[in-house]
Structures are given as structure tokens and as C-alpha cells.
Amino acid sequence: MSRRAVNELADMVKGPVLESGQSGYQAECAAYQRIVRHRPALVVGATGGADVAAAVSFAARHDLGIGVQATGHGAAVPADGGLLVSTRRMAGLHVDPGARTVRLEAGVRWEQVIHAAAAHGLAPLSGSSPDVGAVGYTLGGGLGLLGRKHGYAADHVRWIDVVTLDGRLRRTSPAEHPELFWALRGGKGNFGVVVAMEADLIPVPSLYGGVLIFPGRDAGDVLREYLRWSAEAPEEMSSSIALIRHASPDEVPGLRDGLAVHVRVAYLGSGRRGAELISPLRGLRPVLDTVADMPYTRVGSIHNDPREPGVYHERMMMLGRLDDQAAGVLMELAGPGARCPVRLVELRQLGGALGRAPAVPNSVGNRNAAFALFSASPAARQEEADEVAAAQARLLARMQPWGTGGKYVNFLAGRADPAEVLACYSAADHRRLATIKAAYDPRNLFRFTHNIPPAATAEDLRFDYSE
């Protein structure tokens with residue numbers, strides 16, 4: 001890249017334009033998910049839509065692949081040799097309490113939205129971690145703690161402003177560029193750089209939530225009771241069960257072997273009714289019980305996801321209904337007595353509104369699944385990473401009899417295997433996404449993501465791209 005070209009770009013944008021070796025380059029490129037390390041030719045710290053448009057136009061002229069990052073929680077592919085747009089400076093946020101909506105820019109984290117909305121008794125459809133960027137989370141669907149009642153975050157988006165490869169800022173909605181709007185909500189960053197969106201907020205006067213922690217020796221009994229209990233839970237109850245190997249047994253009182261069973265619950269209703277609903281789980285005598293009425297501002301305490309960036313190895317699959325045999329396989333591979341190097345193995349219950357088509361259709365797939373099986377483990381050393389990867393592969397293979405064949409794209413951080421990306425969608429929806437990709441990004445420059453390659457020929461197009 002010539003110095004003249006770089007200087008021309010720097011003159012067009014308000015934010016920094018950095019090359020490798022310059023001060024601030026590494027910090028601008030750093031992702032939360034450190035398994036991905038970006039080494040772009042250029043990184044642009046965008047301050048708004050005009051900066052994004054200039055950066056995208058520049059990349060298109062110079063045939064540079066384009067990546068985008070706010071927090072990097074879902075980083076999938078290193079933007080090596082390309083242009084990385086960092087959106088973290090784009091932090092505009094406005095809550096409209098009358099319309100029950102929030103308008104937010106691409107760098108906003110859920111924590112900011114949660115606190116702004118809570119002042120009006122409202123809440124976003126955020127996920128287990130408030131640190132995650134709201135836009136990237138929503139573009140992948142957005143599986144949150146209110147999901148069984150209200151669906152995916154992508155189901156509640158009013159409009160999205162996106163810069164496409166031609167450098168134009170387009171507002172997409174059910175009435176404007178509806179095909180692109182359909183694709184953006186579930187198709188990740190394949191079609192352009194999103195600069196802003198408007199989404200619904202949900203009235204949440206209170207939440208009955210927290211975690212029940214049981215010793216590892218009781219894992220089998222707790223898991224079987226959880227599967228029975230969750231099958232009867234109302235849609236207002238979202239929950240998950242996780243087998244967690246704590247780095248130190250002293251992290252949780254009452255544990256001796258480091259293995260704990262966490263049952264996480266979030267109930268949209270009164271504390272009295274919530275207590276009645278979880279009484280069968282409390283009857284198993286947890287060693288720690290934090291479930292209580294809480295403001296939505298404390299929702300991050302339910303899962304208590306790690307806040308520190310790191311190298312996290314993640315694998316997942318979608319599952320159907322589970323039985324005692326499935327529970328036995330999980331106990332064999334990740335329960336007490338198992339030599340399991342994986343720190344976290346979680347079953348997150350789906351169903352309810354997550355299983356229904358939204359009022360405005362989008363590309364979020366695999367709504368037929370009953371559970372998402374997710375495993376994650378920090379592992380910086382190669383031999384440790386190899387051991388974790390082998391254990392995760394065994395887990396997915398043994399659970400295959402209960403699998404739907406599907407994946408969930410937001411749980412594929414650090415992984416962009418084409419077969420896994422394909423499994424996030426139905427065959428028909430993937431063809432439709434590839435067709436839309438061919439219209440808006442025929443050169444596949446927006447490829448530093450969970451990539452959906454463009455359809456091969458212009459004859460595959462099914463709609464009019466022109467104004």
C-alpha cells in the first residue's frame with residue numbers, strides 16, 4: 001500500500017488510520033477473543049458513518065478484504081492483509097421510552113443499553129454477557145436471557161443502517177431494501193458494515209434470576225432433574241445448566257474436586273411464582289443459591305461470563321429433546337470422574353418464542369432445536385489446546401444421536417469452517433443469503449467473518465438490486 005494512498009484515506013476520515021508498527025495499531029486490532037489475532041494492512045478507527053463509508057470505498061478501490069470489529073467477542077477470521085474497521089468509537093445511544101425502542105451505533109455494548117433502558121423500566125434482548133457489542137450480537141441472531149418469551153434479538157430490529165461495498169449508506173427495513181434487511185438479521189457481517197440500528201425494548205419491572213450451584217458429585221441427579229424440570233417450564237423461564245471445572249475449588253464454597261453444576265435461571269415474573277417454579281431444583285440442596293428478585297442491571301451476574309480477553313476454544317451444536325441416555329453420555333465425558341480438560345460444558349434451553357418465526361422474517365436458522373450445547377475452555381499453550389480440541393470433538397461426536405445437524409453462528413467464535421457456517425442455516429436460506437451476497441458483495445470483500453460466499457453467477461439473483 002503506497003504512502004500516498006494511505007495519506008489520502010487519513011485525510012478523508014476523522015478517526016485514526018494505522019499501519020503495522022505504528023503506535024496504537026495493536027490495541028486497535030486486539031479482540032476479546034484472542035484466538036483470533038488481526039494483522040490488517042490498515043486499521044481505521046471509525047468515528048461515524050462517514051468514516052465507515054470512506055474506509056469501505058477505499059478498500060473496494062484497492063481490492064482489500066474488509067473486517068469489522070467492536071469488541072471482538074465473536075471474532076472468527078483474522079483480517080490479515082485487509083482493512084479492519086474498528087467501530088468502538090461509535091457510541092451514540094438514545095432510548096425512546098414512549099416507543100419502547102433504542103437507537104444505537106455500532107460500538108455500543110449491551111451494558112450501556114441495559115442501564116439506559118432500566119431508567120424507564122425497560123430492557124433490551126441482551127445476552128449473558130453485558131460486555132458484548134450490541135450490533136454484532138444482533139447480526140448473529142442474539143440468544144438472550146429473555147429469549148424463550150420474546151425470541152431472538154434479531155426478531156425485534158426496526159431498521160439497520162449499513163454501508164455496502166459501493167460506499168453508500170443504506171437504511172434497511174421491512175419497507176426499504178427488504179432482502180438486505182432479511183439477510184443482515186442473522187447473516188453476520190457478510191453484506192456491509194452496520195453503523196446503527198433501532199430495536200425494541202421490553203418492559204421488565206423486575207427479574208427473578210440467579211444461579212443454583214451444586215457439587216460435582218451430584219451432577220447426574222441434577223442434570224436428570226433439570227431435563228425433566230425444563231421440559232415443563234413456562235416460556236417466561238429461561239435457563240441453562242453448566243458443568244464447570246473451576247480453576248480453584250475454593251472459588252465456590254462446598255466444592256472439593258473443582259467440578260460444579262451451575263443451573264442459571266431468569267424468570268420474567270414475580271419472585272413468589274418464580275420460587276414456586278424452581279422449588280424442585282432447590283430441593284436438590286444447592287451449596288450456593290443466588291436466585292432472587294433483581295434489577296435487569298444485574299443480569300450479567302447470572303452467568304458471570306469472564307470479562308478478561310483471552311484465548312477461548314469454543315465448540316457447539318444444536319440438540320433436540322434429551323433423555324436419560326443423553327444425560328449419561330454427558331456425565332461420562334464431562335461429569336465427576338471424567339478426565340475432561342474443558343472448563344465449561346453448557347446446555348442452554350431454547351424453544352418458546354425462539355422456536356417460532358418472527359413477525360418480520362429474518363435469516364436466523366435452526367429454530368427447531370430444543371437445546372444449544374456449548375463448550376468453552378481457555379487454553380493458550382498448544383498442547384493444552386490440542387487436548388481441549390480432542391475432548392470437544394469427542395463430546396460433539398457422542399452427542400450426535402441427539403443433534404439436529406444445526407449450529408448457531410454466535411457460538412462459533414474463533415471458528416469459520418464453511419461446513420459449520422452452512423449448518424447455521426437451512427439449505428434454502430443459505431442459497432438466498434448467497435444470492436443477496438452476490439448482489440451486494442460479488443467480490444466477497446466482506447469475508448473476514450463467518451463467511452457466506454456469493455452465489456456463483458448473476459443468473460442466481462432473485463431480486464432487483466437497483467433503486
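**A stop on helix α8**

Begin by selecting glutamate 232, which lies in helix α8, residues 219-232; helices here are DSSP runs of H or I with at least four residues, strands are runs of E with at least two, and both are numbered from the N terminus. This is a predicted model, in which local features need pLDDT of at least 70 and side-chain atom pairs count only at pLDDT 80 or more, while totals for chains, interfaces and linings use all residues. Residues are numbered from 1 along each chain as its sequence is written, and side-chain values use heavy atoms, with hydrogens and water left out.

Is glutamate 232 buried or exposed? Its relative accessibility is 59%, so glutamate 232 counts as exposed (exposed means over 50% relative accessible area, buried under 20%, and partly exposed in between, with a 1.4 Å probe and protein chains only).

Next select helix α1, residues 3-12, where Ala5, Val6 and Leu9 are buried. These residues lie on the same side of α1, because they cover an arc of only 100 degrees around the axis (the arc is that of the directions from the helix axis to the C-beta atoms). Arg4 and Asp11, on the other side of α1, are exposed.

Move on to helix α12, residues 382-398, whose 17 residues reach 24 Å from the first C-alpha to the last, close to the 24 Å expected at 1.5 Å a residue (the expected span is 1.5 Å times one less than the number of residues). Colour Ala385, Val388, Ala391, Gln392, Leu395 and Leu396, which are buried in α12. Seen down the axis, the buried residues of α12 fall within an arc of 135 degrees, so they line one face of the helix. Gln382, Glu383 and Ala397 are exposed on the other side of α12. To see what the buried residues of α12 pack against, show β17 (312-319), α11 (324-334), β18 and β19 (371-378), where contact means heavy atoms within 4.5 Å.

**The largest cavity**

For the last stop, select Gly144, Leu145, Ser238, Ser239 and Arg348, which among the 16 residues that line the largest cavity are the closest to its centre (on a 1 Å grid over the protein atoms alone, a cavity is a set of points where a 1.4 Å probe fits but cannot get out, and lining residues have an atom within 4 Å of a point). The volume of the largest cavity is about 100 Å³, a volume being the space filled by probe spheres set on the points.

Notes
1 Å grid on protein atoms, 1.4 Å probe; cavity = no way out; pocket = protein on both sides within 12 Å on 5 of 7 lines; lining within 4 Å.
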